[in-house]
Amino acid sequence: MSITLERAERPLFESADWSFETIQRSHDEIAKIALGEMGLDIYPNQIEVIGTEQMLDAYSSIGMPLFYRHWSFGKQFARNEAMYRAGMQGLAYEIVINSNPCISYIMEENTATMQTLVIAHAAFGHNHFFKNNYVFKQWTDADGILDYLEFARDYIMSCEERYGEANVERLLDAAHALMSHAVHKYPRKRTNDLRTEEKRERERRLHDEQVFNDLWRTVPGKENVRSDPTAEERRRALLQLPQENVLYFLEKTAPRLAPWQREILRIVRIIAQYFYPQTQTKVMNEGCATYCHYKIMNRLHEKGLLTDGAMVEFLKSHTNVVFQPGFDDPRYSGMNPYALGFAMMQDIERICLQPTEEDRQWFPHIAGEQDYMAVLRDVWANYRDESFVLQYLSPHLVRQFGLFHVNDDSAEPNLRVEAIHDERGYRKIKQALAKHYDVSWFAPDIQVVDVDLAGDRKLILHHRALNKVLLDEKDTRLVLQHLADLWGYEVLMKEVDPGTDAVLKEHAASPRSGIIRLDAS
């Protein structure tokens, strides 16, 4: 009797060399696993092969395929190129753009194994996360971003031709300095999609100019302007105070900006908002992509589509990516988002398939749930880093990573261990780690709170100094100067204690004459 074994499929490649046919076949086989077996939901893929210089160029323009010109991008390019040529810096294997279609740039220097890996990681893992996570769905417009970037580039080029490169450059310098304070952190009325922005630019500009003129022509005199509480309330409502989005406030309210200057501020603000979700989902986004590429590459090997040699090459790269140095290791620089994210995704799979009694107590809603991919897809769609860590960091992983919580109080002579590996300690460790991913803890809370309309039009801001941590003096002075140049009048920022509203420190700046040509038409 003869026994016929099912023949394994022919490997995708057997050497490090690749061709476009290899990439196409790898993509198609990955798609069968990602879409058919894992249930991923992605935008259509557009994969671009680029060289070293093109990758360095993408680095300098924050990874966007279309971008306006600015001297800082050239400076970044020169620095990265010098570091790379000197062997002091490597390059990413890929860059992926949150757009529809989803654009993935892969390095032509990659081996065939690495091309397969980065397609699984970026074109399917990141792609699924971009399309389905609620933070990206709420804050970004993947359908319109490429068209908007093209409009932004062309608009700024036209401004350079009409008003001079130096004037546009100085305006962009000031706008970039305020870019981290140019986002709406909470949901607002749904705005129009980005495809309509170019069409609405002229109409919006004319309408807004009428609003600005009416606002500043009707500034009341000094005679007891704030004695009428109703008038004060109307004034603050008109100015939308307090306002956390400083660049938005300047775009809408700065009394002396020309229409083209307002539009450039709007461009910078929209791009800043586009990147806002990425700061909140680094662990989840990289964890999702790393978990996806790990599952996909293993399945390709099981199906005979990857050779043993390719698998060894993949595992070496993967292990380097998810390596987490200990706190006493010279290489330690905090939690590696790839390591933590990947470990938590694997741990969720373990809890679903092989839960312990401890897992059943901590995660009764998923322990024993055999469809672990459904659980993971739900997690990827409905959490950001802070809530993800708070909800799904298990005692098992706390022990595996050797996590503990230390209180470092400058008023105390010694460090104090606040949490160890017991039930109370696990909860404290989860809460402490989750705070590291809370936007309110790593980004200063700065808001425009008032404008002296009746007097010298001084702009007043508050920095709510969490735990009385004050801003860096040098950086504050430089950024506040850019703010004063855009506003056109004096700016005062008070650092206040959120608990008592006591003023801890004050910073002031006055506009520099001629730095930004206001009222330019």
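Residues are numbered from 1 along each chain as its sequence is written, and side-chain values use heavy atoms, with hydrogens and water left out. As the model is predicted, local features need pLDDT of at least 70 and side-chain atom pairs count only at pLDDT 80 or more, while totals for chains, interfaces and linings use all residues.

A pair of aromatic rings is described by the distance of the centres and the angle of the planes. Rings of Phe, Tyr and Trp (its six-membered ring) were taken to pair if their centres lie within 6.5 Å; planes under 30 degrees apart count as stacked, over 60 as edge-to-face and the rest as tilted. The count by this rule is 17 aromatic pairs. In one of them, Trp-18 and Phe-20, the ring centres are 5.7 Å apart and the planes stand at 90°, so the pair is edge-to-face. Accessibility was classed by relative accessible area (buried under 20%, exposed over 50%, partly exposed in between; 1.4 Å probe, protein chains only). Trp-18 counts as partly exposed because its relative accessibility is 22%, and Phe-20, at 61%, counts as exposed.

Tyr-148 and Phe-151 form a tilted pair, with 5.6 Å from centre to centre and 55° between the planes. Both residues are buried. Secondary structure elements are DSSP runs numbered from the N terminus (helices H or I, at least four residues; strands E, at least two). Tyr-148 and Phe-151 are three residues apart in helix H6 (residues 145-163), so about one helical turn separates them. Elsewhere, Phe-363, Tyr-383, Phe-388 and Tyr-392 are linked into a cluster by ring pairs.

A charge was assigned to a ring face if NZ of Lys or CZ of Arg is within 6 Å of the ring centre and within 35 degrees of the ring normal. Arg-427 lies over the face of Trp-362, at 4.4 Å from the ring centre. For Arg-256, over the face of Tyr-489, the distance to the ring centre is 6.0 Å.

Backbone features were found in loops. Asn-100 and Pro-101 are joined by a cis peptide bond with omega of about 5°; Pro-101 is in the loop between strand S2 (94-97) and strand S3 (102-107). Asn-467, a residue other than glycine, has a positive phi near 55°. The loop that holds Asn-467 runs between strand S7 (459-464) and helix H21 (473-487), and Asn-467 is exposed at 56% relative accessibility. Asp-501 also has a positive phi, near 65°. Its loop lies between strand S8 (491-496) and strand S9 (503-509), and with a relative accessible area of 52% Asp-501 is exposed.
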